[in-house]
Amino acid sequence: DFATTGLGNAWDMNDTIDIEGTANVTSASFSGGVYHGTPNSSGDPQVWLLYGFSNPRPIDTSRFRYLTFSMSLADDPVVRWNVARVFWGATQGRPDLVTTTADILIWPGMNSYAVDLGSLGVGVDAGIVPNAPPANLWASSPVVHLRFDPHEYWGPLVFNIADVKLAAMDETSSGSFTIRWSGSDADAGDAPTVALYSDTDTSTSNGRTAAGARRAGSS
């Protein structure tokens with residue numbers, strides 16, 4: 001993941017160095033691998049995982065693209081769900097020039113979320129808001145600003161964030177890696193069969209190659 005390899009410290013939410021900056025957050029604390037934040041009365045909290053000013057450490061967006069995180073919002077009788085957003089920018093010292101993702105629905109309770117930033121496109125239902133320039137694709141340039149807004153509620157709704165990771169695509173130096181899986185048939189108790197295919201462009205609509213079939217639990 002980027003934080004471990006690029007910053008030398010995982011975004012495990014165990015200490016204050018996991019967050020480089022905030023806005024509209026009046027108080028924050030860390031406990032048990034969870035970052036607890038309280039927004040001010042205006043709400044709309046901003047959490048900066050990467051705040052590239054005097055010492056930018058850019059993200060290689062051609063390599064790192066899978067953002068995962070866990071979060072919850074304080075129980076509120078009015079707010080039963082909300083939306084989060086991710087922002088990124090490539091211009092040093094200009095955190096205002098950031099690309100905005102579409103809404104990420106945040107459900108009640110502590111849940112885990114995953115976003116493939118590299119797969120997002122610009123436009124309606126494509127993942128990137130087109131009318132909030134700059135609207136740049138994730139892999140268009142190295143990123144020096146990375147911001148996470150845990151909710152868009154205009155009020156002091158407490159949020160909790162854990163297990164943040166910006167992961168890279170699978171890599172191997174030998175040209176191959178092992179794929180393992182497990183499975184079971186809960187109804188009949190038979191060993192199910194898994195069909196394997198290989199594909200060169202991640203699109204199954206233009207062809208794929210069968211790589212055989214194996215029973216669950218084999219490799």
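Which residue lies over the face of Phe87, and at what distance from the ring centre? In this predicted model, Arg147 takes that place, at 3.8 Å from the ring centre of Phe87, where a charge is taken to sit over a ring if NZ of Lys or CZ of Arg is within 6 Å of the ring centre and within 35 degrees of the ring normal. A further arginine, Arg208, lies over the face of Tyr197, at 4.0 Å from the ring centre.

The model is a predicted one, in which local features need pLDDT of at least 70 and side-chain atom pairs count only at pLDDT 80 or more, while totals for chains, interfaces and linings use all residues. Residues are numbered from 1 along each chain as its sequence is written, and side-chain values use heavy atoms, with hydrogens and water left out.

The chain holds one helix and 15 strands, these being DSSP runs numbered from the N terminus (helices, H or I, of at least four residues; strands, E, of at least two). Taken along the principal axes, the C-alpha atoms fill a box of roughly 55 × 40 × 35 Å. Of the 219 residues, 35% count as buried, with buried meaning under 20% relative accessible area, exposed over 50%, and partly exposed in between (1.4 Å probe, protein chains only).

Aromatic rings were examined next. A pair of aromatic rings is described by the distance of the centres and the angle of the planes. Rings of Phe, Tyr and Trp (its six-membered ring) pair if their centres lie within 6.5 Å, and planes under 30 degrees apart count as stacked, over 60 as edge-to-face and the rest as tilted. A search of the whole structure finds eight aromatic pairs. In one of them, the ring centres of Phe2 and Phe64 are 5.8 Å apart with the planes at 75°, and the pair is therefore edge-to-face. This pair links distant parts of the chain, since Phe2 belongs to helix α1 (residues 2-7) and Phe64 to strand β5 (residues 64-73), 62 residues apart. Phe2 is buried, with a relative accessible area of 3%, and Phe64 is likewise buried, at 4%. The rings of Trp88 and Trp138 also form an edge-to-face pair, because their centres are 5.1 Å apart and their planes stand at 90°. Here too distant parts of the chain are linked, with Trp88 in strand β6 (residues 82-89) and Trp138 in the loop between β11 (127-128) and β12 (145-149), 50 residues apart. Both Trp88 and Trp138 are buried. Phe2 and Phe64 form one aromatic cluster together with Trp11.

The largest pocket has a volume of about 160 Å³ and is lined by Phe177, Ile179, Trp181, Leu196, Tyr197, Ser198, Asp199 and Ala211. Strand β14 (residues 193-198) gives the most to this lining, with three residues. One cavity of 30 Å³ or more is counted, and the largest cavity holds about 40 Å³ of space. Its lining consists of Leu49, Leu67, Phe69, Phe148, Ile161 and Val164, with β5 and β13 (159-168) as the elements that give two or more residues.

Asp44, in the loop between β3 (34-39) and β4 (46-51), is buried, with a relative accessible area of 13%. The C-alpha atoms of Asp44 and Trp154 are separated by 5.8 Å, although the two residues are 110 apart along the chain. Leaving aside neighbours within four places in sequence, Asp44 is in contact with Ala23, Asn24, Asp149, His151, Glu152, Tyr153 and Trp154. Ser72, in strand β5, counts as buried at 11% relative accessibility. By contrast, Thr16, in the loop between α1 and β1 (21-23), counts as exposed at 57%.

Key. On a 1 Å grid over the protein atoms alone, a cavity is a set of points where a 1.4 Å probe fits but cannot get out, and a pocket is an open set with protein on both sides within 12 Å along at least five of seven lines; lining residues have an atom within 4 Å of a point. Grid points are joined across faces, edges and corners, and a volume is the space filled by probe spheres set on the points. Contact means heavy atoms within 4.5 Å.
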